[in-house]
Amino acid sequence: MCAWKPYVLDGEAELSEATTRRSGPREPEPGSGAREAVRALVAESWRRSERARVSRDGAAPTELEEAEVTAYREGHPLAAAMPVIRELLGADARDGGHLLAVCDAGGRLLWVEGDPATLRQARRMNFVAGAGWAEAAAGTNAPGTALAVGRPVQVVSAEHFRPPVKDWTCVAAPVHDPRSGRLLGAVDLTGGEPLAHPHSLGLVRAVARAAEAQLALLAPPPPSGRLRLTALGRDEALLTVDGRRLSLSRRHSEILVVLAHRPEGVTGGELLTLLYEDESVTPVTLRAELSRLRSLLGPELLCSRPYRLTAPVDADFAAVDRRLASGAVAAAADAYAGPLLPGSAAPGVVRLRERLADRLRAALVARADPRLLADWAYSAWGEEDVEVWRALCAAVPAAQLAPVRARLDALEAELSSGATGLQRPFPHTRR
C-alpha cells in the first residue's frame with residue numbers, strides 16, 4: 001500500500017498512532033486478524049462484506065446487459081447531471097489515467113468513462129457499465145461503501161476486500177435528490193496511487209454537491225399549496241412547504257405520516273392510539289405535540305376537530321403504494337428508499353410500514369425479476385429476508401447462482417437454529 005496521511009472527514013475517526021506511523025508496504029487481508037492495522041470504516045466494511053458472503057476471489061456480477069444499461073440510464077435521474085459531472089471530472093479522469101464512474105442507488109455502474117488504457121484494465125475486474133458494485137455484491141470499494149455508509153469514502157489499494165482490486169484506489173460520494181433527499185447513486189473516481197491524496201476525496205465530494213445543485217435547478221417547482229413528505233428509509237421525515245424544507249422530529253414525523261395517510265382527519269382519541277404504545281399517555285401530551293407542530297407548520301395547515309392537514313400531501317410512501325396498485329412493480333421498487341420511519345414504534349406507523357413492505361416484497365417475489373429481487377436482498381432491510389433470497393435463488397442465472405445459494409444456505413441454517421425473525425424484513429435504514 002502506498003503511504004498516505006490519514007485525515008478526518010465528516011466525523012470519521014483518525015487512524016491510531018501505531019497505524020499512522022507505520023512504514024513500508026503492508027497489506028492486511030480481510031479475516032486475517034489484522035483489522036487493528038486499518039481504519040475503522042474499512043474494518044466495518046470488511047465485516048459487512050463477510051456477512052454478505054462476498055467471495056474474495058470472485059468478480060463483480062453483471063446485473064444489466066448493454067441494451068438494458070442504455071435504456072435504464074437514459075431514464076435515470078442522474079442522466080440530467082452527467083453534463084456537469086463530465087465537465088468537472090471528465091478531463092481529470094482522462095488526463096490522469098483515471099476513470100469517472102457513476103452508479104445508481106443499488107451500486108450498478110451506469111457510466112464508466114475515461115482513459116482508454118485504464119478502461120481496458122478495468123474490464124478485467126468487470127468495472128464496466130452494468131456491473132454491480134454494491135458492497136454486498138463486490139466487497140469493500142468506494143462507490144459501494146459510500147452508498148452503504150451514506151457519506152464520501154476513499155478506499156486505497158489493500159483496503160479493498162477483493163485481491164484483484166488491490167492495485168486500484170477509488171474515491172466516491174453519494175448523490176441525493178435535492179428535493180426529496182432520496183439516494184440516487186454515487187459519483188466515483190477510480191485509478192492508481194495518485195488518487196490516495198485527501199484532495200481527491202474533497203474533489204469528488206464537491207462534484208457530487210454540484211450534481212445535486214444541477215438537479216435542483218432542473219427540477220420543476222413543487223405545485224403551489226401542496227406539501228411533500230419524505231419518510232421512507234429515514235427516522236426523521238422531511239417536509240417541503242412552499243419551498244421551505246423542514247426536518248421534523250421523530251414524533252412530528254409520526255404525526256405527519258398518520259395525517260397524510262388519513263386526509264379525512266382523525267379524532268384526538270384515534271390519534272392517541274395510533275401514536276402511543278403506552279396507554280397511560282394523556283391527551284394533554286398529544287395536544288402539546290400538536291401545538292408545537294402547528295407552530296412549525298403555521299396555523300393554516302393543521303386543523304383540529306378532527307385533526308387534519310388542510311393542503312394535499314405528496315408522500316413518498318403513498319407514491320409507492322399507488323405504483324403497486326397499478327402494477328408498476330419496478331417503479332415502486334425504485335421509489336422505495338427503505339422502510340417507513342424505521343425507528344418508529346408508533347402503532348399506526350408500524351402497521352403502515354409492515355403493510356407497505358409486505359406488499360412490495362410479495363410483488364417482487366411474484367414478478368421473479370432477478371434484478372429487482374437482488375435490489376431488495378442486498379439492501380439493509382432485505383439482507384436477512386429468507387423469502388426473497390429463496391426467490392432470488394430460483395430466478396438468478398446459473399452463472400450468478402453460487403454466492404446467492406451460499407447466502408441462502410447460511411440464512412436457512414440460522415433460521416433452523418431458532419432465528420425465526422429472519423423470515424421478515426428488518427426495519428434498518430441507511431441514513
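This briefing walks through the overall build of one protein and then a few of its residues.

The model is predicted: local features need pLDDT of at least 70, side-chain atom pairs count only at pLDDT 80 or more, and totals for chains, interfaces and linings use all residues. Residues are numbered from 1 along each chain as its sequence is written, and side-chain values use heavy atoms, with hydrogens and water left out.

**The whole protein**

- You can look for 17 helices and eleven strands in the protein; helices (H or I, at least four residues) and strands (E, at least two) are DSSP runs, numbered from the N terminus.
- Of the 431 residues, 49% are buried, where buried means under 20% relative accessible area, exposed means over 50%, and partly exposed lies in between (1.4 Å probe, protein chains only).
- Among contacts (heavy atoms within 4.5 Å) with a separation of 6 or more, 62% are between residues 24 or more positions apart.
- The protein exposes about 19000 Å², and carbon and sulfur atoms supply 52% of that area; accessible areas come from the Shrake-Rupley method with a 1.4 Å probe, and for residues only the protein chains shown count as cover.

**Cysteines**

- Zero disulfides turn up in a search of the whole structure, a disulfide being a pair of cysteine sulfur atoms within 2.5 Å.
- C170 sits in strand β4, which covers residues 169–176, and C170 is buried because its relative accessible area is 4%.
- Leaving out residues up to four places away in sequence, C170 touches several others, including N141, P143, V155, H160 and D188.
- V156 is 14 residues from C170 in sequence, and the two are 6.6 Å apart in space, C-alpha to C-alpha.
- C393 is also buried, since its relative accessible area is 12%.
- C303 has a relative accessible area of 23%, so C303 counts as partly exposed.

**Backbone features to look up**

- As background, most residues other than glycine have a negative phi, and most peptide bonds are trans.
- N126 has a positive phi, near 60 degrees, and is not a glycine.
- You will find N126 in the loop between α5 (116–123) and α6 (135–138), and N126 counts as buried because its relative accessibility is 16%.
- L341, another residue that is not a glycine, has a positive phi of about 40 degrees.
- The loop between α13 (329–335) and α14 (347–367) holds L341, which is buried because its relative accessibility is 1%.
- The peptide bond from R305 to P306 is cis, with omega near -5 degrees.
- P306 lies in the loop between β9 (302–303) and β10 (308–309).
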